[in-house]
Amino acid sequence: MLRGFATVNLFADDLAAARDWYAALLGVAPYFERPGPDGEPAYVEFRVGDYRHELGIVRGAYAPHGVGVGATPAGAVLYWAVDDLAATLDRLLAMGAEEHQGIVDRGGNGFVTASVVDPFGNVLGIMTNPHYLEVLASARPS
């Protein structure tokens with residue numbers, strides 16, 4: 001049975017640059033780093049957001065076939081909850097991400113999404129989501 005997300009992995013050919021880019025975006029350093037056999041970074045992991053989810057970045061050499069810079073973005077898009085979608089999108093674009101899908105209102109009920117491709121070829125979704133805020137509020141002690 002699926003119990004919840006454990007780790008979301010992104011891939012980057014230049015893992016050191018990706019580590020630094022995501023540290024700047026997230027405002028935190030990775031809490032875990034593992035070198036490869038050559039001593040260069042092979043994997044870094046951040047704790048992110050309200051539930052401290054794991055965001056891992058893996059050196060592109062270890063990626064499944066067809067992912068990374070130069071590949072056509074495809075597959076699932078994981079949307080991260082944000083407080084100000086337009087400001088977050090502007091910040092991502094200013095940091096060198098490219099627009100994947102502009103701002104889309106998903107029915108006028110508070111669900112609004114956008115996505116970018118980070119400088120390393122990964123699709124990064126962002127979303128305002130009223131259900132996320134309801135779950136977060138109910139999880140906090142009164």
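The model is predicted, so local features need pLDDT of at least 70 and side-chain atom pairs count only at pLDDT 80 or more, while totals for chains, interfaces and linings use all residues. Residues are numbered from 1 along each chain as its sequence is written, and side-chain values use heavy atoms, with hydrogens and water left out. The protein chain holds three helices and eight strands; helices (H or I, at least four residues) and strands (E, at least two) are DSSP runs, numbered from the N terminus.

**Overall make-up**

- From the N terminus on, the elements run β-α-β-β-β-β-α-β-β-β-α.
- The protein chain has 142 residues, and 35% of them count as buried; buried means under 20% relative accessible area, exposed over 50%, and partly exposed in between, with a 1.4 Å probe and protein chains only.
- Among contacts with a separation of 6 or more, 52% are between residues 24 or more positions apart, where contact means heavy atoms within 4.5 Å.

- An open sheet is formed by four strands in the order 5-8-7-6, with mixed pairing; two strands pair if DSSP finds at least two bridges between them.
- Strand 5 and strand 6 (98–105) are the edge strands, and each pairs on one side only.
- From one strand to the next, the twist averages 20°; axes are lines fitted to C-alpha atoms, for helices over the stretch in contact, and angles run from 0 to 180 degrees between N-to-C directions.
- Strand 5 pairs with strand 8 in the parallel sense over three bridges. Trp80 stands opposite Ile126 in strand 8, and Ala81 stands opposite Met127 in strand 8.
- Strand 7 and strand 8 pair in the antiparallel sense over six bridges, and Val117 has Val123 of strand 8 as its bridge partner.
- Strand 6 and strand 7 (residues 112–117) are also paired in the antiparallel sense, over five bridges. Thr113 in strand 7 is the bridge partner of Val104.

**The hairpins**

- The hairpin of strand 6 and strand 7 has six residues between the strands, and Gly107 takes a positive phi near 120° there.
- The hairpin of strand 7 and strand 8 has five residues between the strands, and in this hairpin Gly121 takes a positive phi near 95°.

**Strand 8**

- Six of the six residues of strand 8 are buried.
- In a regular strand the side chains alternate between the two faces of the sheet. In strand 8, Val123, Gly125 and Met127 point one way, Leu124, Ile126 and Thr128 point the other way, and all are buried.

**The largest pocket**

- The largest pocket has a volume of about 930 Å³.
- Of the 33 residues that line the pocket, Tyr79, Trp80, Ala81, Val82 and Tyr132 are the closest to its centre.
- Elements that give two or more residues to the lining include helix 1 (15–26), helix 2 (85–94) and helix 3 (130–139). Strand 8 gives the most, with five residues.
- The lining residues divide into 22 nonpolar, six polar and five charged. Ala, Val, Leu, Ile, Met, Phe, Trp, Tyr, Cys and Pro count as nonpolar, Asp, Glu, Lys and Arg as charged, and the others, Gly among them, as polar.
- On a 1 Å grid over the protein atoms alone, a pocket is an open set of points where a 1.4 Å probe fits, with protein on both sides within 12 Å along at least five of seven lines, and lining residues have an atom within 4 Å of a point. Grid points are joined across faces, edges and corners, and the volume is the space filled by probe spheres set on the points.
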